[in-house]
Amino acid sequence: MYDIEIKNLSVNYDSVIALKDINLKVKNKEFLGIIGPNGGGKSTLLKVLLGLLKPSKGSINLNTNKPLGYVPQYSHFDSEFPIKVKDVILMGKLTKEMFFHRYSDKEMKKVREIMDAFGLLKYQDRQIGQLSGGQIQKVMIARALIMEPDILLLDEPTASLDSNAKSEIYKILKNINKDKTIIMVSHDLEVVSSYIESVACLNKTLHYHGDNNELNKETLEKTYGCPVELIAHGSTPHRVLNRHREENND
Amino acid sequence: MIDVIFKYTFLQNAIIASILSSIVCGIIGTIIVEKKLVMMSGGIAHTSFGGIGLGYFLGIEPIIGAIFFSVLAALGISQIGRKAKTKSDALIGIFWSTGMALGIFFIGLTPGYPPDMTSYLFGDILTVSKTYLYIMVIVTVLLIFSILAFFNHIRAYLFDEEFLKVLKIPSVLLESFLFVFIALSIVVLLKVVGIILVIALLTIPPAISKFFTYDFKNMIIGSIIIGMFLCLFGLYISYRFNIPSGATIILLSSFLYFIMVIIKTMKKRFD
Ligand SMILES: Nc1ncnc2c1ncn2[C@@H]1O[C@H](COP(=O)(O)OP(=O)(O)OP(=O)(O)O)[C@@H](O)[C@H]1O
Ligand SMILES: [Mg+2]
């Protein structure tokens, strides 16, 4: 039933407490948005789920035997490294079988399909550093998708994408969500309100987890510790934009 | 020149050593340049002096001590760097100086006339023994086999370690394996061509190779070919004009590198 069960989870960096006593259950095929202020511990939560960080307390149960898909907030790789776009995406297909590992024809075909869907096909043989920031972001998303994970974690995946690419990616994610569980960190409250059904508010502790439509202004203000624009429930992103314009005109 | 090669075994050995060194340096050099491990490799090479000193002190083959020390340094730098918060740059300095100090310390303790350490600094490709050629052949074959066997994972490790951890692939194992290989290669080359030429051969051919390609595999192949050309041409000049081989190869290498830089900038200006 639950794909992820987090119990009394705390995470410290030396003396800094990043997460404190988190309890969270994520259902199978849930599309969960995580929001919260800078330094709220969102990236930390994803990293501890991935096993990149060790919890100081508490436990995590994952109901999958595959590695989790991951799109990091920042990529730490050296963009000068001599590797082609195609080969970066193919990394998602690497397994523990290291001895004379070669990519199969099926995997090569899959890569071409996914590059086509992201409009990356014409860049496939370019060195990774010769792409723009948004294009690299697309490569990172493609690399996570090609893993075909049961659970997909995305840390602000659309931060550097234009609005066209954004809605393209949300369409793809929505489609994947039919049979996968997705957790996405986002600062973009509009997106959270229009695409995602459940939401978690994180600021060191978990302030709220539940239906997106029942999220109210008080909870948000408590999470962020300051007044926050109310999310326009059930409305399209455009309406929110309109309201901003009207305010500016005043 | 050809008839001279057939006449003198030392020239034959030098040529074989050049070719083997170029292969090892092309592979290891591309790896350390792209993973920014040049300083660490220098550190490993110098730390091994402690082992050479220990070898003399204990009366065993110095290179055994050197291998022991360099492998320890390679693993130590990676392990301590991960656990303690010491910057790896500083850590390399600590190992580097401690290793050299230990070398001098042990040699001071060794009774009798002090051995000549300069051969380890500058080496001499013209005096390579048969035994070392055999050791080099073994290291070269092992290295080629490993890079072919683990190519996709090694490249992925060099490019994005974190993602390998996400995939639950034991990246620490891969790292240790690579570091031990770097240490072994450096020590074996050290005795043959000397530490200065090792660093030149590890860095210059990959740097030149990168002017021509953006592909990791091609960069390795390019480095090997460029390294062979530089070594063999350097040997020829050094034999012809009777100047030290190591210095000739290094100067030729950096000369070619700077020529490439100039061509590259000129090309940019006229494009
Ligand atoms: N490597 C680290 N060492 C020490 N403290 C860290 C480290 N990484 C994060 N922190 C601290 O942990 C807390 C949570 O950081 P985290 O990166 O999870 O925040 P976030 O919610 O992802 O923020 P943002 O919206 O800016 O991405 C912050 O207070 C931060 O200062
Ligand atoms: Mg973050």
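**Notes on cavities, pocket and interface**

1. The structure holds two cavities of 30 Å³ or more. A cavity here is a set of points, on a 1 Å grid over the protein atoms alone, where a 1.4 Å probe fits but cannot get out, and lining residues have an atom within 4 Å of a point. Volumes are the space filled by probe spheres set on the points, with grid points joined across faces, edges and corners.

2. Before going further, please keep the ground rules in mind. This is a predicted model, in which local features need pLDDT of at least 70 and side-chain atom pairs count only at pLDDT 80 or more, while totals for chains, interfaces and linings use all residues. Residues are numbered from 1 along each chain as its sequence is written, chains are lettered from A and ligands numbered from 1 in the order in which they are written, and side-chain values use heavy atoms, with hydrogens and water left out.

3. Which residues line the largest cavity? Its lining consists of B:Ile27, B:Ile28, B:Ile31, B:Leu143, B:Ser146, B:Ile147, B:Ile154, B:Phe177, B:Leu178 and B:Phe181, around about 50 Å³ of space. By class that is nine nonpolar, one polar and no charged, where Ala, Val, Leu, Ile, Met, Phe, Trp, Tyr, Cys and Pro count as nonpolar, Asp, Glu, Lys and Arg as charged, and the others, Gly among them, as polar. In chain B, α2 (9–34), α7 and α10 (171–193) each supply at least two of the lining residues; helices are DSSP runs (H or I, at least four residues) numbered from the N terminus.

4. The second largest cavity, with a volume of about 30 Å³, has A:Pro72, A:Ser75, A:His76, A:Met140, A:Arg143, B:Asp160 and B:Glu162 in its lining. These divide into two nonpolar, two polar and three charged residues.

5. Now the largest pocket, at about 1,300 Å³. A pocket is an open set of points with protein on both sides within 12 Å along at least five of seven lines. Of its 33 lining residues, B:Lys35, B:Arg82, B:Glu161, B:Lys165 and B:Glu175 lie nearest the centre. The largest share of the lining, four residues, comes from α4(B).

6. On to the interface. Contact (heavy atoms within 4.5 Å) involves 29 residues from chain B and 36 residues from chain A. The two chains bury about 3,100 Å² between them, 67% of it on carbon and sulfur atoms; buried area is the accessible area (1.4 Å probe) lost on being put together, summed over both parts. On the chain B side, B:Phe159, B:Phe163 and B:Tyr214 lose the most area to chain A, together 24% of what that side buries.

7. How many salt bridges does the rule find across the interface of chain B and chain A? There are four, with a salt bridge being a side-chain nitrogen of Lys or Arg within 4 Å of a carboxyl oxygen of Asp or Glu. Over all chains the structure holds 14 salt bridges. One pairs B:Arg155 with A:Asp87 at 3.5 Å, N to O. B:Arg155 lies in helix α8 of chain B and A:Asp87 in helix α2 (residues 85–90) of chain A, so this pair joins two chains. Another links B:Asp215 and A:Lys84, with the closest N and O atoms 4.0 Å apart.
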